[in-house]
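Please read the following account alongside the sequence and the coordinates. It treats each chain in turn and then the contact between them.

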Amino acid sequence: MVTTVTNLGRSGLSDWLIQRTTAVILVAYVIFLTVVIGSGDFQYAEWKSLFSQTWVRIFSLAALLSLAMHAWIGIWCVATDYLTSYVLNLKLGPFFGAKANILRLSFLAASAIVLFTYVVWGIQILWG
Amino acid sequence: MAVLIYLLDESLASEQQFNDVKMLTSSVMFKLILLAVLAGLIYHSVAGVKHLILDMGIGETLEGGIAAAKLVFIISAILTLLVGVWIW
């Protein structure tokens with residue numbers, strides 16, 4: 001049986017729930033940062049001590065991992081909807097239509113590299 | 001996102017770099033880039049919250065969907081404007 005092999009949860013329902021859960025974490029983190037940055041003119045020492053607190057690091061890492069999962073699910077949806085032999089054949093002709101699978105997998109691989117880089121970079125910022 | 005992670009990285013690296021970020025964010029060109037990034041984030045967030053409300057079964061009609069979409073545009077525009085005022 002052929003089934004999905006590149007989506008995050010390997011199940012639509014799982015992806016759906018992960019997308020919502022990570023969305024809530026991300027919007028909470030955006031509101032948190034907005035309130036913090038909006039609360040006054042920060043100097044380096046205060047800013048540094050804020051991000052040295054364990055709970056801020058945990059919250060930041062949760063948001064970062066959520067970002068990677070959320071973005072992967074979103075990118076996967078777009079790529080598997082539009083980077084298909086049917087769509088590429090229709091829009092760009094048979095040459096690209098025949099190469100849809102390799103184009104889509106390359107795009108997904110490039111996206112994975114970018115997202116993985118964000119995660120490692122973020123961990124380095126928070127704990128480096 | 002790379003722009004925002006870069007800002008966090010620089011702002012936490014050292015006091016010198018923290019002040020460099022403050023300098024950078026005072027240039028008009030960078031303010032425009034930052035506003036474009038934040039406008040995208042705001043619109044995506046507001047539209048995302050709309051989806052969560054729809055998931056709760058609120059507004060699942062054609063009229064509700066059209067009204068919600070218009071509301072998302074209006075709220076996003078207002079928030080983007082406020083952020084623009086804040087940055088400048």
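A residue is counted here as buried if 20 or more other C-beta atoms lie within 10 Å of its own, and as exposed if 12 or fewer do. The model under discussion is a predicted one. By that criterion, buried residues make up 12% of the 128 residues in chain A.

Chain A contains 6 helices and 0 strands, and its elements follow the order α-α-α-α-α-α from the N terminus on. Its radius of gyration is 19 Å, well over the 14 Å that the globule rule gives for 128 residues, so chain A is more spread out than a compact globule. The C-alpha trace of chain A spans about 60 × 30 × 25 Å along its principal axes. As for the contacts in chain A between residues at least 6 apart in sequence, 69% join residues at least 24 apart.

One backbone detail of chain A deserves attention. Arg10(A) is located in the segment before α1 (12-38) of chain A. Its phi is near 60 degrees, a positive value in a residue other than glycine. Arg10(A) counts as exposed because it has 11 C-beta neighbours inside 10 Å, and the cut-off for that class is 12 or fewer.

Chain B may be described in the same terms. It has 4 helices and 0 strands, and from the N terminus on its elements run α-α-α-α. For its 88 residues the globule rule gives 12 Å, whereas the radius of gyration of chain B is 17 Å, well over that value; chain B is therefore more spread out than a compact globule. Along the principal axes, the C-alpha trace of chain B spans about 55 × 20 × 15 Å. Of the 88 residues of chain B, 6% count as buried. Among contacts in chain B between residues at least 6 apart in sequence, 56% join residues at least 24 apart.

Ala2(B) and Val37(B) are separated by 35 residues in sequence, while their C-alpha atoms are 9.9 Å apart in space.

Which elements of chain B give two or more residues to the side that touches chain A? In total, 14 residues of chain B are in contact with 13 residues of chain A. The elements in question are α1, α2 (15-24) and α3 (28-55) of chain B. Of these, α3(B) gives the most, with 6 residues. By class, the residues on this side of chain B divide into 8 nonpolar, 3 polar and 3 charged.

A helix pair across the two chains can be examined in more detail. Helix α6 (residues 100-127) of chain A packs with helix α1 (residues 2-13) of chain B at an angle of about 20 degrees, and their axes are 10 Å apart. That angle makes α6(A) roughly parallel to α1(B), because angles under 35 degrees fall in that class. The crossing of α6(A) and α1(B) is left-handed. On the side of α6(A), the residues involved are Tyr118(A), Trp121(A), Gly122(A) and Ile125(A); they meet Ile5(B), Leu8(B), Asp9(B) and Leu12(B) in α1(B). The contact of α6(A) with α1(B) has 6 nonpolar, 1 polar and 1 charged residues.

Notes: Residues are numbered from 1 along each chain as its sequence is written. Chains are lettered from A and ligands numbered from 1 in the order in which they are written. This is a predicted model: local features need pLDDT of at least 70, side-chain atom pairs count only at pLDDT 80 or more; totals for chains, interfaces and linings use all residues. Axes are lines fitted to C-alpha atoms, for helices over the stretch in contact, and angles run from 0 to 180 degrees between N-to-C directions. Angles under 35 degrees count as roughly parallel, over 145 as roughly antiparallel, 65 to 115 as roughly perpendicular and the rest as oblique. A crossing is left-handed if the near helix is turned anticlockwise from the far one by less than a right angle, and right-handed if clockwise. Two residues are in contact if their C-beta atoms, placed from the backbone, lie within 7 Å. Ala, Val, Leu, Ile, Met, Phe, Trp, Tyr, Cys and Pro count as nonpolar, Asp, Glu, Lys and Arg as charged, and the others, Gly among them, as polar. The radius of gyration is taken over C-alpha atoms; the globule rule is 2.2 Å times the number of residues to the power 0.38.
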